[in-house]
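Subject: Structure handover and findings

Dear colleague,

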Amino acid sequence: MQFKLIYISPNGTTEKTTQVLKNIIEKDGHAVEHINLGRGEYRQDFGPILETINAADIVGFGAPAYHMDMLEPMKMFLQALQSAGQTYQFRAFLYLNYGGITSGKAFSNTAQVLEALNIPVIGAMKVTAPHFHHPDPFPTKTTEALIGDFYEAIKAKDFAPIANDRQKELFAVRKKRVDLLYPLVHIIGKKRELPITIKADRCKSCGKCVKECPVGAIRLDDAVTIEGAKCIHCYHCSVACKLGAVAVPVEKLDTMIKLNKRIIGMESPLNAIYY
Ligand SMILES: Cc1cc2nc3c(=O)[nH]c(=O)nc-3n(C[C@H](O)[C@H](O)[C@H](O)COP(=O)(O)O)c2cc1C
Ligand code: SF4
Ligand code: SF4
């Protein structure tokens, strides 16, 4: 069978999840293509991906949760799938990396789009992963085991779709509080995006941040500038620049995480597979 893993991963943990999945599927004798929506030409143009997507039997959609939903480029890709007006012949699964606070509406919103496109969903997986400014080891043995279990579970079912009714039940937002807080956290989170400051005296114009920004929001002319309307505030540029020329007040992010933990609480179970 032919698999495609289409993902976005500004800070690399979803990419690592993708790599583990890819190795497992390939070991089982299948072909796997992995496509990072935040790299190279795909940042500007999903056309080439859409042209060949029907060559796959199964497509995995992978993204991190940001502000209680799938990160923007994945939402844009799902919109592009809708706008292309094609009939899709593949089956799909979803995988989500998140901080454990809440997967929010990431699954339910995505499953809704796939249902509207008549793309059968065969499974989903959520994996907790460290924040970009807390570089704990990832993936852990537990994560690798979970990803292996997920693949074995969907394979044991012969990659059969989950019935729509069961899907709704599985991907429903379980906590009433999450449902209530979603609009609030989503809007406040977006409004409280952290300032990103370029320290011109430290910048050596190497272009690394330009290359690694997942949405192509950074320009390097005489100086580095960020196009505010394009930026999705993933803060990867602050990690990419090894010279400390991109400053983000991460302590404010920690305060926000603490607050979210208090208001929303940690999700239970933290890691899970659905099939
Ligand atoms: C701005 C921002 C918003 C986030 N929002 C959430 C969230 O709503 N729920 C959650 O559990 N984790 C949240 N996270 C944590 C990320 O989902 C987590 O770090 C994920 O592993 C990042 O994936 P990546 O390494 O592939 O970019 C957020 C992180 C950032 C930087
Ligand atoms: S990565 Fe740092 S040094 Fe390189 S261009 Fe970007 S800001 Fe400048
Ligand atoms: S410019 Fe914005 S989108 Fe690009 S890496 Fe920096 S924070 Fe992320």
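A crossing of two helices is called right-handed if the near helix is turned clockwise from the far one by less than a right angle, and left-handed if it is turned anticlockwise. Please note also that this is a predicted model.

Helix packing

Two packed helices are described by the angle between their axes and the distance between the axes. Helix α1, residues 13-27, packs against helix α5, residues 141-156, at an angle of about 50 degrees, and their axes are 10 Å apart. That angle makes α1 oblique to α5. The crossing of these two helices, α1 and α5, is right-handed.

A second pair consists of helix α4, residues 106-116, and helix α6, residues 164-171; their axes cross at roughly 160 degrees and come within 9 Å. Angles over 145 degrees count as roughly antiparallel, and α4 and α6 are therefore roughly antiparallel to each other. Here the crossing, of α4 past α6, is left-handed.

Ligand surroundings

Ligand 2 sits in the largest cavity. Around ligand 2 are Cys203, Lys204, Ser205, Cys206, Gly207, Lys208, Cys209, Val224, Cys241, Leu243, Ala245 and Val246. By class, this shell around ligand 2 holds 8 nonpolar, 2 polar and 2 charged residues.

Ligand 3, in turn, sits in the second largest cavity. The residues around ligand 3 include the cysteines Cys213, Cys231, Cys234 and Cys237. Also around ligand 3 are Ile196, Pro214, Val215, Ile218, Ile226, Ile232, His233 and Tyr235. The shell around ligand 3 divides into 11 nonpolar residues, 1 polar and no charged.

Backbone geometry

Most residues other than glycine have a negative phi, and most peptide bonds are trans.

- The peptide bond from Phe138 to Pro139 is cis, with omega near 0 degrees.
- His67, a residue other than glycine, has a positive phi, near 50 degrees. The position of His67 is in the loop between β3 (58-66) and β4 (69-70).

With kind regards

Key: Residues are numbered from 1 along each chain as its sequence is written. Chains are lettered from A and ligands numbered from 1 in the order in which they are written. This is a predicted model: local features need pLDDT of at least 70, side-chain atom pairs count only at pLDDT 80 or more; totals for chains, interfaces and linings use all residues. Side-chain values use heavy atoms; hydrogens and water are left out. A residue is near a molecule or strand if one of its heavy atoms lies within 4 Å of it. On a 1 Å grid over the protein atoms alone, a cavity is a set of points where a 1.4 Å probe fits but cannot get out, and a pocket is an open set with protein on both sides within 12 Å along at least five of seven lines; lining residues have an atom within 4 Å of a point. A molecule sits in a cavity or pocket if more than half of its atoms lie within 2 Å of its grid points. Ala, Val, Leu, Ile, Met, Phe, Trp, Tyr, Cys and Pro count as nonpolar, Asp, Glu, Lys and Arg as charged, and the others, Gly among them, as polar. Axes are lines fitted to C-alpha atoms, for helices over the stretch in contact, and angles run from 0 to 180 degrees between N-to-C directions. Helices (H or I, at least four residues) and strands (E, at least two) are DSSP runs, numbered from the N terminus. Angles under 35 degrees count as roughly parallel, over 145 as roughly antiparallel, 65 to 115 as roughly perpendicular and the rest as oblique.
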